[in-house]
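Dear colleague,

Here is the structure, with its sequence. My notes on it follow below.

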Amino acid sequence: MTPTPRVRVVRADERAHWWNEWLDSRQSFPATGNFDLAANAHGLLLVHNEDVVGPGEGFDTHQHRDMEIVTWVLEGSVVHQDSAGNSGVIHPGLAQRMSAGTGIRHSEKNGAAYTEREHLRVVQMWVPPTEYGARPGYQESDVDTALRGDALVPIASGLPRDRATTAITLGNRHAALHVARLDAGRSVTIPDAPYGHVFLARGAVDFEGHGALAQGDAVRLTATGGHRITATDPAEVLVWEMHAAA
């Protein structure tokens, strides 16, 4: 059955909110304590969290299985270590994908020490893999230069058409994450797809036919696309294009 075309704007203060003494998490889909992520998913997107992490804090070693996890840093840096021997510091402009596969343990920390008082602001997004039980994998790529052209850039994609252009290969053949950094007055067009998710990471834009979006606002698209997003202030936009559902 073909889904009915729909555009739903979700304002920043409508997103799920969870916090403790060092973490402030805004969640497009309830994630904390949720053991049935697919029940609240949009398309293939199971988790879309914008986290602010205090200096010197973070997530101690924990395990994932059969999940494609994409990390995009907006401010600060993430120190990553995992049981497959991968480690690194993820900063703005450096995209990261971890494929949990048959199982992987990792930790994620704010790269700033307690004494530096620099918060980390990061978006983490999860989609399921197309094939379960694969070997764990890891990839990172600096896309900062590619994002200087006021265009929608595929930074993590499993779509066959993106094999030659995507910075990171995603282990799901039906999903792609695009990012655009826009100067005021510049526009991009949202891809047509059965499911789409737009997140305004910073700035302000006009979403064609639906008005102004502010930082933290999101849009869920079903069976539609082609809408233009025009920056009214310098902006950064994250767009998921999905051709299947979880």
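**What was found**

UniProt places the feature "domain: Pirin N-terminal" at residues 17-127, from an unreviewed entry; its positions are given in the numbering used here, its feature names are shortened, and its annotations may be inferred rather than shown by experiment. Residues are numbered from 1 along each chain as its sequence is written. This is a predicted model, in which local features need pLDDT of at least 70 and side-chain atom pairs count only at pLDDT 80 or more, while totals for chains, interfaces and linings use all residues; side-chain values use heavy atoms, without hydrogens and water.

The chain has zero helices and 22 strands (DSSP runs numbered from the N terminus: H or I of at least four residues for helices, E of at least two for strands).

The C-alpha trace spans about 45 × 40 × 35 Å along its principal axes. Of the 246 residues, 50% count as buried (under 20% relative accessible area, with exposed over 50% and partly exposed in between; 1.4 Å probe, protein chains only).

Asp82 counts as buried because its relative accessibility is 11%. Leaving aside neighbours within four places in sequence, Asp82 is in contact (heavy atoms within 4.5 Å) with Met98, Ile104, Arg105, His106 and Tyr138. Glu108 is 26 residues from Asp82 in sequence and 9.0 Å from Asp82 in space, C-alpha to C-alpha.

Regards
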